[in-house]
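Thanks for passing this one along. Here are my notes, in the order I'd go through them with you.

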Amino acid sequence: MSAPSGSALEAVRARRSWSKVTDEAPTHAELLTLVAAAGRVADHSSLRPWRLIELRGSDRERLGRAIAKVQGDKSPSTKPLRAPLLIAVVASYKKSDKVPRWEQEAVASGVAHVLSLLLDEAGWGVIWRTGGYTRAKAMAKAHGLDKNEQLLGWLYVGGKPPRERLGRRKAIEARKLVSRMPTSKKD
């Protein structure tokens, strides 16, 4: 069976990280449409244990100062200026007897990944960036996080620059990563 044109399989196979992007970015309205779709990930008990923070313009400069503070640097980090739009991915944990913290973080990560796929498919260059400083108190304060929240990183988003050739990703050897449940002697 082959994947139909425009399929999720085709979109996932075409996805790549864009470390360099142009100064173009999706509008707030375009972003909201994609976030609404990304929010459809599997979510045990429909807790929605995530939220996103949109950083544009001077927000990125403030983030650069926060990174410098965490790293003990005198000059603001220029990393947040590498893309016109940064989307902070936040795990926003909810109290639940049924859904453990790790599962809630997996939902937030799932939303970020699906959003990156949707942005890529819409023609935007995306890379998910993290760093040891994502869990620092100064970073939580800069993003206005509550005590029940954790920063998971940022999606850097911008226009895809023209390229002479696309980078290649190594193929996944699925046979090495998929197995069956072991059987016992009683089975």
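1. Ground rules. This is a predicted model, where local features need pLDDT of at least 70, side-chain atom pairs count only at pLDDT 80 or more, and totals for chains, interfaces and linings use all residues. Residues are numbered from 1 along each chain as its sequence is written, and side-chain values use heavy atoms, with hydrogens and water left out.

2. The main core. The largest nonpolar core has 22 residues. Here a core is a set of buried Ala, Val, Leu, Ile, Met, Phe, Trp, Tyr and Cys residues joined through side-chain atoms within 4.5 Å, and buried means under 20% relative accessible area (1.4 Å probe, protein chains only). Among those with the most contacts inside this core are Leu 31, Trp 50 and Ile 87. Two or more residues each come from helix H2 (28–38), strand E2 (85–92), helix H4 (101–121), strand E3 (124–129) and strand E4 (149–159); helices (H or I, at least four residues) and strands (E, at least two) are DSSP runs, numbered from the N terminus. H4 gives the largest share, six residues.

3. Leaving aside residues up to four places away in sequence, Leu 31 touches Glu 54, Leu 85, Ile 87 and Leu 115 (contact means heavy atoms within 4.5 Å). There is also a second, separate core of 19 residues, including Trp 18, Val 21, Leu 63 and Leu 86.

4. Helix H4. The buried residues of H4 pack against H1, H2, E1, E2, E3 and E4. Just after H4, Gly 123 takes a positive phi of about 100°.

5. Helix H3. Buried residues in H3 include Arg 60, Leu 63 and Ile 67. Their cover includes strand E1 (50–56), E2, helix H5 (137–142) and E4. Gly 72 follows H3, with a positive phi near 75°.

6. Arg 15. What does the side chain of Arg 15 make a polar contact with? The partner is the side chain of Ser 17, at 3.3 Å (a polar contact is a pair of N or O atoms within 3.5 Å; within protein, one must be able to donate a hydrogen and the other to accept it, and residues adjacent in sequence count only if both atoms are side-chain atoms). Arg 15 lies in the loop between helix H1 (8–14) and H2.

How values were computed
Buried < 20%, exposed > 50% of the residue type's maximum accessible area, 1.4 Å probe, protein only.
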